[in-house]
Amino acid sequence: MSCNSQKKTASDDLTIDYQIQSSYILFPVEEKAPEIKIKVCTSETNDRPIYDVHLALNHIDYWVPLDVKKWRGQKLALSFQGMHESSLGINEIKQTNRFDFNYNETYRPQFHFSPEHGWMNDPNGMVYLDGEYHLFYQYNPYGSMWGNMHWGHAVSTDMVSWTYLPIAIAPDSLGTIFSGSAVVDVNNTAGFGKNAMIAIYTSNGKTQQQSISYSTDKGRTFVKYAHNPVLRNPGIADFRDPKVSWNEASRQWVMALATKQTITFYGSPDMKAWTKLSEFGEGIGSHTGVWECPDLFPLNFKGKTKWILLVSSGGVPNGGTATQYFIGTFDGTRFTADPLPYPLWVDYGRDNYAGVTWGNLPSKDGRRIFLGWMSNWDYANQSPTQNFRSAMTVPRELTLMNNGKHLILANYPTIEVNTLRGSGKTFPNQQIEKEVTIPELLKVNGGTYEIEMSIKPDKTSIFGFGLTNTKGEYLNFTFDLTSNQFRIDRHKSGKVDFNDKFKAGMSAPLVKRNTYTIRLLIDKASAEIFINKGELAMTTLFFPCEIMNKMTFFSPEGKWNAENITIYNIK
Ligand code: FRU
């Protein structure tokens, strides 16, 4: 793209000089308009940024801000690919000193992390340092659909309330910034300084290669390593999402990298020079889609160390994308899976993808904590929000459990999530025959609450419960002990027509038990259900047209009992 001339150029780009008087330039966006390239023309750097923006043609859906503080008082030229001066998008561009974020949108989560504005997908670079949990994330600041991948950044002291920080890593001449991880270099192996935070990510340009950036101020600013990429592409189109941790057994950094439909492990003494160690995945697990976002970490089970490998992938049984896992051993160079009935899924709902775990937690903590992206590539770009799109799951502790047949990876909200609870309200135990309704869950219900109860099936085989509202919309949870399945039905849960694939239900294998404990977290447009302390976890989005403040219990045949039913307002 050319920046050279004022107004129209031969290549049909329109270049306009703006006299910068404010902090932001606002671009008007129409999501259905084609994407055009906007180039920031500066002489300062060779990395002249180009952004893809759905610049408005017919009407304006929302605005996106370009931070121009550093050019205040100067002229800044912007070049617009193929645009005409008289088009709506160009005419409406304006400057402002404030860009306010709105947290009152109907579907804005209140206790889950969501971006201030714009699009978010995978959690990245999750690392703990000096009392702060860092969360970086795949971020498009210039639209609420996927594109322009940056690393957004937030920090928290408890993983439940977050402080936004400026964008951490922006695209450069090697490409946009895809998913990856971060480490704390305690022994200064890379020479960037003791305890430097080093981010390692995929540069997505002509090919996918791995690059590093480092921070010596606790993640506040990052410097790109001068000799990127540190791992070049060997000719594999899908070669991405490095997850790195220090491996004591082989005394080196070990990277798990998604390589088409396998995970390749690499080793390095210094984060800069990488050698291939081994490859895992052929002929095992689900291979219906490309493999992405791996994570490899140890977990203790009854005094023994097991290694867990997480792999996110597409084409999964419930539709779209989900995260599978393997349990096995890792000797410092090679992962070997125990014989288990793979594929096994971290979360059987449709809206938990690309999740990985925090690194560098203090050893006295001893937990392994996971966070996933609450969406699904089948419909993520169309979900019915506009100023921001998507949220993360609550932080969940991963543990190994025996489900009566074999080891499984359980996941359950971390203890910090309990601090969100307001006062509880308890309902009488219910014996359900046909149908029972609680007509009002909370006097004042803002759409953020938590429900706990115990379920005793007695002799029933198909039974369940649902959240509903006065519009007759419902989100149903059904136990089916004839087919040993647990199902979620959201096809009448509110707005479901924004994508054909959204309505479809979802199911999970269910182990027969005399009692099932339920914990259900609701945050405006998401439901996370945990059965028997995370033996089964399912996450689903739903977009009700009115808050669901009623609960029904149903039993087409036979009787069952719901006990200790408690609802908590979320503070
Ligand atoms: C997973 C993913 C990653 C990639 C990123 C791009 O959701 O496709 O493999 O790095 O998203 O945003």
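**Exercise 1. Work out the strand order of the open five-stranded sheet and find which strands stand at its edges.**

Start with the order: the open sheet of five strands reads β12-β11-β10-β9-β28, with mixed pairing. Strands here are DSSP E runs of at least two residues, numbered from the N terminus, and two of them pair if DSSP finds at least two bridges between them. Next, look at the ends: β12 (163–169) and β28 (388–389) each have a single partner strand, so one side of each has no neighbour in the sheet. Then zoom in on β11 (residues 150–156), which runs antiparallel to β12 and is joined to it by four bridges.

A quick note on the model: it is predicted, so local features need pLDDT of at least 70 and side-chain atom pairs 80 or more, while totals for chains, interfaces and linings use all residues. Residues are numbered from 1 along each chain as its sequence is written, and side-chain values use heavy atoms, leaving out hydrogens and water.

**Exercise 2. Is Glu563 buried or exposed, and what is it in contact with?**

First place the residue: Glu563 is found in strand β41. Now check its relative accessible area, which is 19%. Buried means under 20%, exposed over 50%, and partly exposed in between (1.4 Å probe, protein chains only), so Glu563 counts as buried. Finally, list the contacts (heavy atoms within 4.5 Å): skipping neighbours within four places in sequence, Glu563 touches Asn429, Met453, Ser454 and Lys456.
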